[in-house]
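Open the structure in your viewer and keep the selection tool at hand. The tour goes from the interface to a single residue.

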Amino acid sequence: MIFNEEQRESVLFFGVDLGTSRSAICSSNGTREWIESFVGWPKDFIAEKVIGKSVLVGTEALQHRLSLDLYRPLDRGVIKEGIEGSERAVKEIIRHLIELARPEPGQRLHAVVGVPADSLKINKLAIRRAVSEHVHSLMVVSEPFSIAYGIDLLSNCMIVDIGAGTVDFCVMHGTIPSEEDQKTIFTAGDYVDEQLYSLLLQKYPNSKFNRNMVRQFKEQFSFVRTIDEQICVELPVNGKPSIHDIKDEIRRACESIIPPIVETITEMVSRVDPEFQTRIRKNIVLGGGGSLIRGIAQCLQEELSEYGDYQVTRVADPLLAGAFGALKLAQDMPSRYWEAL
Amino acid sequence: MPDFFARKRVLRDRSRILRGVYEENLLIARRGFNCDLRRKRSLSRRVLAYGIVCAVMLVLHGLDVTPVPSRSSDEVETPVIATDEIVVTASPVKSVSVAELRTLEQKSDLPLSRMLGLGIHNIVIDAGHGGDDLGAIGKTGIAEKDITLDIARKLKARLQDLGYPNVFMTREDDAAVLLAERVAFAQSVEADLFLSIHVNWLPNTPVNLIETFYFGPSRDKRVLELAGQENRGSEYGLNDFKEILARLGTVMKVQESKDFAESIQKSLFVNSSRKNRKIRDNGVKRAPFVVLLGLDVPSVLAEISCLSNPAEELMLKTDEHRRDIAWYLAEGISNYLNTGAEDDFQ
Ligand SMILES: Nc1ncnc2c1ncn2[C@@H]1O[C@H](COP(=O)(O)OP(=O)(O)O)[C@@H](O)[C@H]1O
Ligand SMILES: [Zn+2]
């Protein structure tokens with residue numbers, strides 16, 4: 001592709017993955033970062049004095065959550081409490097991500113933003129409104145689609161994006177996916193957290209732990225089937241911290257999302273024109289934070305073998321794959337398209 | 001050589017995709033523009049838009065299945081449903097002008113009620129079965145028709161508490177109501193949203209699962225061919241038409257019904273699974289249910305759980321469990337309606 005040198009110089013391209021739990025940015029000047037999708041505003045004047053900032057984003061917002069009005073803007077639960085707040089929160093996340101990329105003054109910013117495929121979570125128009133304030137030209141796409149684009153799988157494959165609130169499935173046919181090519185189920189990362197929480201609660205009724213701790217256990221130790229290591233954590237049982245083996249609970253919680261994913265994959269493949277089914281079966285690609293569960297690709301492949309010759313792999317960098325694909329889209333997009341928007 | 005062809009295909013796919021992304025975003029951006037215009041649009045134009053919507057809905061219905069009675073048509077035909085194969089008959093509207101389609105296309109991302117600038121939502125709740133039609137029967141003798149009616153009543157009360165005054169029920173007691181009558185009723189109260197409540201029965205397995213259905217058009221080649229024939233008079237070629245229909249079909253009633261179904265499914269499943277870890281998410285599916293057919297508003301059918309599961313049957317006998325389910329449904333409805341409200345936020 002030939003670019004006019006000058007033109008190339010003055011534009012900063014970036015791809016953003018706006019996720020329920022994490023958001024990431026990749027930019028043409030080499031930035032590759034992700035943050036937690038939390039935004040908080042100090043609850044009152046005093047809190048603002050103490051914190052010393054008028055708005056906090058990411059981990060910082062989580063740390064000060066007690067003195068903040070906290071938003072996870074793409075979470076439907078929060079949208080209920082204030083649509084206005086959510087849109088403002090999206091603006092803050094975008095602003096923060098763009099700052100991470102350090103654009104030079106006067107540079108034109110061209111962004112492709114990937115949003116969850118679950119159309120409920122997000123109103124594309126609202127996203128456009130929230131983002132366009134900070135960029136010169138903008139395109140919004142759905143998340144599993146940008147993952148596919150990033151790894152050059154444009155046809156005969158299926159992307160399975162295992163996120164926090166949803167697992168999004170997307171069959172690629174060489175065009176932008178239609179409604180029929182996409183499906184969303186809700187047995188995803190948060191669901192694993194719920195399962196693990198209740199399993200641990202059953203085993204240690206007298207212990208104190210919250211969902212946040214449980215999520216950290218999961219992210220540290222997650223696996224399916226078998227691994228050769230012990231998983232022991234410190235839990236305050238009866239008020240005294242002591243070491244406990246939670247390997248079996250971790251495994252059961254992680255495996256709980258396998259059957260619905262298997263079922264959805266087979267159902268979607270069966271809807272495809274039989275001519276292409278074989279090729280799609282050999283091209284199932286996992287992405288999203290949930291694909292970091294150790295052994296999940298192998299496990300899915302084995303479970304699927306009952307239904308045909310499947311091959312399941314995982315993208316190289318699940319937490320950045322969406323943003324990376326969005327950046328690639330931004331860079332490949334002919335400049336006349338950018339002009340028109 | 002094969003390598004050369006593969007590369008060529010990738011390049012072709014890529015430029016098609018880039019163009020697709022661009023066009024889709026152009027549409028969204030234009031919608032933002034239309035949102036502002038919409039506020040200033042006079043009533044008469046709304047009525048005109050409504051007429052076009054009805055006309056095109058009829059075309060769409062005509063393509064999907066046999067047309068059913070609709071508010072804008074005097075011709076009433078009997079609905080015919082085929083479960084395995086979609087039945088195609090001629091549609092009552094012969095052609096739609098290019099201009100009309102363009103107008104529609106521009107607005108087609110908006111739910112119908114919103115497109116017409118209506119603020120109040122008329123919600124119709126349909127308690128499945130009734131009278132002689134018992135629906136599924138549990139081992140302890142409890143009937144689906146009684147569960148659905150009780151949940152429908154509780155749902156109505158809950159919605160009214162949440163600030164939705166206009167809630168209607170297709171049946172208020174243990175009466176037999178024909179499916180077509182339910183549709184006619186929903187039309188007569190000018191429903192904006194239609195939810196049919198059922199309880200599943202899986203004969204061969206003890207699993208307990210939740211699933212939600214909506215009605216959508218088909219990808220059937222024959223249907224698309226017919227679209228070409230029916231619209232031969234218009235300036236569009238079959239391919240243009242296919243694209244517009246695909247867009248209209250997805251973004252209007254179908255997309256809305258799917259969104260609505262997902263909202264219901266999500267709320268039902270996420271909440272139910274907290275109470276019962278074994279319950280399964282069977283997701284949102286398309287199916288040709290008669291009750292979902294006749295309405296040009298988002299319409300879904302929820303199978304709230306499985307009466308065939310013995311533990312679930314015992315739970316369904318408790319008032320508390322039925323109330324919980326009603327509340328989950330109310331949450332799903334309210335979440336759906338609130339998402340739509342974002343359109344009006346500036
Ligand atoms: N190592 C890990 N093992 C299992 N789950 C993980 C791991 N790392 C992240 N996750 C989970 O992945 C989910 C977030 O994935 P992500 O793709 O960022 O989702 P979203 O796009 O919905 O924000 C969360 O539920 C998180 O707990
Ligand atoms: Zn029923």
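Colour by chain: chain A and chain B bury about 4,900 Å² between them, 55% of it on carbon and sulfur atoms; buried area is the accessible area (1.4 Å probe) that two parts lose on being put together, summed over both. This is a predicted model, in which local features need pLDDT of at least 70, side-chain atom pairs count only at pLDDT 80 or more, and totals for chains, interfaces and linings use all residues. Residues are numbered from 1 along each chain as its sequence is written, chains are lettered from A and ligands numbered from 1 in the order in which they are written, and side-chain values use heavy atoms, with hydrogens and water left out.

Select the contact next (heavy atoms within 4.5 Å): chain A brings 56 residues and chain B 50 residues.

Now show R274(B) and E194(A), which form a salt bridge with their closest N and O atoms 3.3 Å apart. The term stands for a side-chain nitrogen of Lys or Arg within 4 Å of a carboxyl oxygen of Asp or Glu. Between the two chains the count is three salt bridges.

Finish at T187(A), in the loop between β11 (182-185) and α8 (189-203) of chain A; helices (H or I, at least four residues) and strands (E, at least two) are DSSP runs, numbered from the N terminus. Is T187(A) buried or exposed? T187(A) is buried, at 2% relative accessible area, where buried means under 20%, exposed over 50% and partly exposed in between (1.4 Å probe, protein chains only). Leaving aside neighbours within four places in sequence, T187(A) has contacts that include V167(A), F269(B) and D281(B).
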